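The following exercises ask the reader to work through a set of chains and the contacts between them. Each task is followed by a solution in steps.

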Amino acid sequence: MTDIAEQEVIDIADMDVEAFNEFATEQGWSDGMPLFVPTEAKVAKFVDTVRGDNRPYSPVPPRQIVPTIQAMAANAVMAGCKPEYFPVVTAALRSVLEPDFNLHGTLATTHSCAPMVMISGPIRKELNVNCGSNCFGQGWQANATIGRALGLMLLNIAGAKPGEMDRSTQGNPAKFTFCFGENEEENPWTPYHVQRGFKPTDNVVTVMSGEGPHNLNDHGSTTGDGLLTTFAGGMATPGANTVYGKGPSFIIIGPEHAATLKRDGFTIETIREELWQRSRIHISRVSKGNLDTYASTGHKPDGDYLRIGRTPQDLHITVAGGPGKHSAFIPSFGGTMVACTRIQ
Amino acid sequence: MRIVNPTFGLSAAAGETVALKPINWATDAIALMSNSKPNARELLEGVRAKLSAFRNVDNIVYHSKNSASQAAPKDQIEKVAANFRGALLALGD
Amino acid sequence: MIATETFKPLILAQAKARKIEPRLIVVKHPVGGLNAEELRERIEAATKGLTEATKK
């Protein structure tokens with residue numbers, strides 16, 4: 001891949017999709033999966049969906065270039081998006097460009113983090129975003145391609161080439177795509193975007209640089225209190241970056257677990273407080289070398305325990321998924337924030 | 001056929017390469033800047049100890065970020081730039 | 001800048017984006033996870049690299 005591409009539009013020989021994919025792979029544009037051809041005509045259809053949104057984009061680290069809408073759209077086309085997904089994709093890019101998201105750090109790190117993209121609001125239905133069964137998995141074009149488009153933009157615009165600028169030790173399947181919708185319909189509390197101050201009718205993208213979902217399986221508990229014991233046990237993991245106590249994490253509660261917690265009188269606030277108290281990591285589970293390292297950067301045990309965030313507000317809670325007794329914990333990269341952007 | 005280049009963008013950096021100021025490594029004040037990963041401090045302190053055989057090391061001072069995963073704060077960078085002629089950075093990965 | 005050989009491409013790519021030409025001292029990878037005995041070799045290499053680089 002060249003450092004700063006000289007031309008926005010490139011004339012290449014006519015070729016079929018297979019030949020284009022070979023060409024794109026040679027250029028370093030591919031995530032390894034087949035790409036669609038970003039013809040001028042196709043890109044123009046995507047650009048049309050964001051006309052009127054003239055807010056500038058800040059330079060994208062680590063490569064430090066200011067993207068053009070056409071280049072962003074080319075990545076969305078290559079990812080297999082429909083044109084109507086593009087405003088979600090651009091909102092996701094704006095979110096990761098929030099300074100406290102620390103895009104540079106999240107892309108250059110050896111950690112396995114990938115940008116989690118969560119979609120809230122009525123647009124979930126309009127775009128057929130999966131918020132229910134298998135919401136983190138395969139089978140839905142919107143989920144698959146919106147997350148992939150962001151990943152391709154980070155490769156091609158940000159320059160996060162694996163092994164070069166992207167230094168992840170092992171990577172993470174979520175780097176291909178990690179996009180889902182909130183299950184607002186089965187959320188007995190307040191949807192996440194409303195918790196963040198948006199209107200219920202707003203369409204919002206939320207991003208966090210996180211690991212893949214850690215499953216929280218609990219078929220046996222019949223009380224909310226029992227579920228929280230399981231959740232907290234799963235969250236108190238010394239191998240996740242949350243052990244540094246410096247960043248956010250998400251708890252995505254499955255609808256059946258949410259119903260039990262609601263029945264037993266728990267609210268988002270009381271769940272957060274309980275999990276904050278119970279998800280501490282006992283120092284006996286952390287090596288001396290690690291404790292010394294954490295202490296050297298200001299993260300000392302609170303008594304005999306390490307906290308997995310700075311305050312209870314670092315625990316972000318919502319509902320997604322379908323039937324079944326599973327929830328998920330998504331620990332973040334650590335030195336990052338949860339960023340929300342309203343879709344224009 | 002005509003395609004849109006997915007890597008295209010406008011460079012945010014200035015057009016010219018940033019030139020480094022000259023430094024006398026035998027005498028000038030030097031900041032040792034760690035990326036706060038394990039062993040980065042030990043590496044820099046080890047180099048400092050070795051340098052003591054050749055030069056005064058009282059003006060070679062250790063600094064670190066408060067997070068390995070985040071950039072050094074701007075005021076820390078400005079303070080180091082104001083007080084030291086050179087900086088030796090270590091990436092302890 | 002002292003960096004391991006493994007991270008040299010990252011540093012060069014980032015420096016290029018910022019139009020900076022770093023003076024790089026490359027040591028063997030890794031640095032993290034080494035005990036004091038193992039780290040001694042990296043300190044020797046870094047000091048040698050610094051001495052040579054600063055003679056120029």
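Helices (H or I, at least four residues) and strands (E, at least two) are DSSP runs, numbered from the N terminus. The model is predicted, and local features need pLDDT of at least 70, side-chain atom pairs count only at pLDDT 80 or more, while totals for chains, interfaces and linings use all residues. Residues are numbered from 1 along each chain as its sequence is written, and chains are lettered from A and ligands numbered from 1 in the order in which they are written.

**Exercise 1.** Determine the order of elements in chain B and state how spread out the chain is.

*Solution.* Step 1: chain B contains 2 helices and 5 strands. Step 2: read from the N terminus, its elements follow the pattern β-β-β-α-β-α-β. Step 3: the radius of gyration (taken over C-alpha atoms) is compared with the globule rule, 2.2 Å times the number of residues to the power 0.38. For the 93 residues of chain B the rule gives 12 Å, and the chain has 18 Å, well over that value, so chain B is more spread out than a compact globule. Step 4: along the principal axes, the C-alpha trace of chain B spans about 65 × 30 × 25 Å.

**Exercise 2.** Apply the globule rule to chain A and describe its burial.

*Solution.* Step 1: chain A holds 12 helices and 12 strands. Step 2: a compact globule of 344 residues would have a radius of gyration near 20 Å, and the 21 Å of chain A agrees. Step 3: a residue is buried if 20 or more other C-beta atoms lie within 10 Å of its own, exposed if 12 or fewer, and partly exposed in between, with C-beta atoms placed from the backbone. By this criterion 50% of the 344 residues of chain A are buried. Step 4: in helix H4 (residues 86–96) of chain A, 10 of the 11 residues are buried, so this helix is largely enclosed by the rest of the structure. Among its buried residues are A:Phe86, A:Leu93 and A:Arg94.

**Exercise 3.** Which strands of chain A form the open sheet of 4 strands, and which stand at its edges?

*Solution.* Step 1: two strands pair if DSSP finds at least two bridges between them. The sheet has the order E4-E3-E5-E12 (chain A), with mixed pairing. Step 2: strand E4 (179–181) and strand E12 (339–342) of chain A are the edges; each has a single partner strand, so one side of each lacks a neighbour in the sheet. Step 3: strand E5 (residues 204–210) of chain A pairs with E12(A) in the antiparallel sense over 4 bridges, and A:Val204 has A:Arg342 as its bridge partner in E12(A).

**Exercise 4.** Describe the contact of chain A with chain B.

*Solution.* Step 1: two residues are in contact if their C-beta atoms, placed from the backbone, lie within 7 Å. The contact takes 43 residues from chain A and 21 residues from chain B. Step 2: on the chain A side, H3(A) gives the most, with 6 residues. Step 3: Ala, Val, Leu, Ile, Met, Phe, Trp, Tyr, Cys and Pro count as nonpolar, Asp, Glu, Lys and Arg as charged, and the others, Gly among them, as polar. The chain A side accordingly divides into 21 nonpolar, 17 polar and 5 charged residues. Step 4: E1(A) is joined to strand E1 (residues 2–4) of chain B by 3 bridges, and the two run antiparallel. In E1(B), B:Val4 is the bridge partner of A:Val9.
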